[in-house]
Amino acid sequence: MTDVSGLSIGILGGTGDQGKGLARRFALAGHEVLIGSRSAERAQEAAASLGEGVPVRGAANAAVAAEADIVIVAVPYEGHRALLESLRDELAGKIVVDCVNPLGFDKQGAYALPVEEGSAAQQAAAVLPGSRVVAAFHHVSAVVLLDPAVEKVDLDVLVLGDDREATDLVQALAGVIPGVRGVYGGRLRNAHQVEALTANIISVNRRYKAHAGIRITDV
């Protein structure tokens, strides 16, 4: 297994529940974690909200992108392209993990939105030609990540990308969260159906009042 100890993790758009949940779990696993936001003050407030026992720092997105070893993109899809375009220089040469799900919502529930490049992850790769883009962490329940009563998260994380070293590292990073396993899910061109599957999981959760994830069998 790839050694990820000592790597710092930055989460762009980390003031939302998914970003804060990932920040909490990675910090508890011993990583230095930075939450990013357009407002440094808002990022600091989000970091502080996780409690004194969770050592997370907050800063502006640009500062987090420049400082962190690995950067996770957790912004709403509508701000995805613009944010990454603004941080192209800061993210050059880094592994960028995209967990954005392009979804719409109406009276019938959640549904996948079309993306010109094929998926949010492919859009990130197009915008960031100097970065190593990996798709992962799409189906992780923020409620579960933030719940102190949940010691182990019953979940597999599908990891997709075209750079074997980068996908191996992100698989190992997923594995530092107790109960979670990173599973290679194919090339980046296959990210669309992984992102779109989130709409199905939301439907499952609403019907069964659950916080469902996925497990891959026989691996």
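Let's start with a pair of charged side chains: glutamate 32 forms a salt bridge with arginine 57, and their closest N and O atoms are 2.5 Å apart. Glutamate 32 sits in the loop between helix 1 (17-28) and strand 2 (33-37), while arginine 57 belongs to strand 3 (residues 56-60), so the pair ties together parts that are 25 residues apart in sequence. As a reminder, side chains of opposite charge can pair when their charged atoms come close. Please keep in mind that what we have here is a predicted model.

How exposed are these two partners? Glutamate 32 counts as partly exposed, at 39% relative accessibility. Arginine 57 also has 39% relative accessibility and counts as partly exposed.

How many salt bridges does the structure hold? Eleven. Let me walk you through some others.

Next, please find arginine 81 and glutamate 117, whose side chains meet in a salt bridge at 2.3 Å, N to O. Arginine 81 is in helix 4 (residues 80-86) and glutamate 117 is in the loop between strand 7 and helix 6, so this pair ties together parts that are 36 residues apart in sequence. Arginine 81 is partly exposed, with a relative accessible area of 31%. Glutamate 117 is partly exposed as well, at 23% relative accessibility.

While we are in that loop, have a look at leucine 113. Leucine 113 is placed in the loop between strand 7 (109-112) and helix 6 (120-127). Its relative accessibility is 25%, so leucine 113 counts as partly exposed. Which residues does leucine 113 touch, not counting those up to four places away in sequence? They are Tyr77, Pro102, Leu103 and Gly104. For a sense of scale, the C-alpha atoms of leucine 113 and serine 39 are separated by 28 Å, and these residues are 74 places apart along the chain.

Pro102 brings me to a database record. An unreviewed UniProt entry carries the annotation "domain: Pyrroline-5-carboxylate reductase catalytic N-terminal", covering residues 9-102. In the model, that span is 41% helix and 23% strand, and its end C-alpha atoms lie 23 Å apart.

The side chain of glutamine 18 reaches the backbone oxygen of phenylalanine 137 at 3.1 Å. Leaving aside neighbours within four places in sequence, glutamine 18 is in contact with several residues, including Ala74, Cys99, His138 and Leu145.

The side chains of arginine 132 and glutamate 165 meet in a salt bridge, 2.9 Å from N to O. Arginine 132 lies in strand 8 (residues 132-135) and glutamate 165 in helix 8 (residues 164-174), so the pair ties together parts that are 33 residues apart in sequence. Here the two partners fall into separate classes: arginine 132 is partly exposed at 26% relative accessibility, whereas glutamate 165 is exposed at 55%.

Alanine 135 stands opposite leucine 160 in strand 9. Leucine 160 also stands opposite glycine 186 in strand 10.

Do strands 9 and 10 run parallel or antiparallel? They run parallel, with six bridges joining strand 9 (residues 155-161) to strand 10 (residues 180-186). Another pair to point at is valine 157, which stands opposite glycine 182 in strand 10. Together, strand 9, helix 8 and strand 10 make a right-handed β-α-β unit.

Is strand 9 mostly covered or uncovered? Mostly covered: seven of its seven residues are buried. In a regular strand the side chains alternate between the two faces of the sheet. For strand 9, both faces are covered. On one side we have Leu155, Val157, Val159 and Gly161, and on the other Asp156, Leu158 and Leu160, all of them buried.

Asp156 takes us back to where we began, with charged partners. Which residues are linked with Asp156 in a network of salt bridges? Asp154, Arg181 and Arg215 join Asp156 in that network.

How values were computed:
Residues are numbered from 1 along each chain as its sequence is written. This is a predicted model: local features need pLDDT of at least 70, side-chain atom pairs count only at pLDDT 80 or more; totals for chains, interfaces and linings use all residues. Side-chain values use heavy atoms; hydrogens and water are left out. Helices (H or I, at least four residues) and strands (E, at least two) are DSSP runs, numbered from the N terminus. Buried means under 20% relative accessible area, exposed over 50%, partly exposed in between (1.4 Å probe, protein chains only). Contact means heavy atoms within 4.5 Å. UniProt positions are given in the numbering used here, feature names are shortened, and annotations may be inferred rather than shown by experiment. A salt bridge is a side-chain nitrogen of Lys or Arg within 4 Å of a carboxyl oxygen of Asp or Glu. Two strands pair if DSSP finds at least two bridges between them. A crossover is right-handed if, with the strands pointing away from the viewer, the path from the first strand over the helix to the second runs clockwise. A polar contact is a pair of N or O atoms within 3.5 Å; within protein, one must be able to donate a hydrogen and the other to accept it, and residues adjacent in sequence count only if both atoms are side-chain atoms.
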